[in-house]
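Hi,

Here is the structure I promised to pass on. Have a look at it first, and then read my notes below.

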Amino acid sequence: SGLERQVPVGVDVLVRVRREKVELIRRIASPMLAKGEVARDVPSDDEWPHLRLHFRVREAACGVLLGFAGDLEVLEPDDLRARMLELAQAALATYG
């Protein structure tokens, strides 16, 4: 869309996800990913599956991923982790 062409380039995100939530996250996140992108499995050293997702819009990544709070952890990039913390603190201040 025209709006998406005016925003900065999307963001590549690495997440670790509770095994039972992987398919749900794939379905929910897919419409927000860059054209032609899919959630890709990434090898991991822990019991949680890891996914790489390339979102079209940075704020959309935050919104989608924050919705999975305790079921998902953003591992990178660090600046997106920091933004998600800001958003979570704002939500806590409002609803806590």
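Which residue stands opposite Phe 55 in β3? That would be Val 11. One thing to keep in mind as you read on: this is a predicted model.

Let's stay with the strands for a moment. β1 and β3 run antiparallel and are joined by 6 bridges. β3 also pairs with β2, which covers residues 40-42, again in the antiparallel sense and over 3 bridges. There, Val 42 is the residue that stands opposite His 50 in β3.

β3 is mostly covered, with 6 of its 6 residues buried. Both faces are covered: one side has His 50, Arg 52 and His 54, and the other has Leu 51, Leu 53 and Phe 55.

Now for the inside. The largest nonpolar core has 21 residues, and the ones touching the most other members are Val 15, Phe 55 and Leu 65. Two or more residues of this core come from each of β1 (11-17), α2 (22-29), β3 (50-55), α3, β4 and α4. Leaving aside neighbours within four places in sequence, Val 15 is in contact with residues including Leu 51, Leu 53, Leu 65, Leu 72 and Val 74.

Helix α3 is worth a look too. Its buried residues include Ala 60, Ala 61, Cys 62, Val 64 and Leu 65. Among the elements covering the buried residues of α3 are β1, α2, β3, β4 and α4.

Next, the largest pocket. About 160 Å³ of space lies in it. At least two lining residues come from each of α3 (58-66), β4 (72-76) and α4 (78-95). By class, the lining has 7 nonpolar, no polar and 2 charged residues. Among the lining residues are Leu 65, Leu 72, Glu 73, Arg 81 and Met 84.

Setting aside neighbours within four places in sequence, Asp 12 is in contact with Arg 40, Arg 52, Leu 53, His 54, Glu 76 and Pro 77. As for Arg 27, it is 15 residues from Asp 12 in sequence and 17 Å away in space, C-alpha to C-alpha.

Cheers

Terms used:
Residues numbered from 1 in each chain as written. Predicted model: local features only at pLDDT ≥ 70, side-chain atom pairs only at ≥ 80, totals over all residues. Heavy atoms only, no water. 1 Å grid on protein atoms, 1.4 Å probe; cavity = no way out; pocket = protein on both sides within 12 Å on 5 of 7 lines; lining within 4 Å. Points joined across faces, edges and corners; volume = space filled by probe spheres on them. Helix = DSSP H or I, 4+ residues; strand = E, 2+ residues; numbered from the N terminus. Nonpolar A, V, L, I, M, F, W, Y, C, P; charged D, E, K, R; others polar. Core = buried A, V, L, I, M, F, W, Y, C linked by side-chain atoms within 4.5 Å. Buried < 20%, exposed > 50% of the residue type's maximum accessible area, 1.4 Å probe, protein only. Contact = heavy atoms within 4.5 Å. Pairing = 2+ DSSP bridges.
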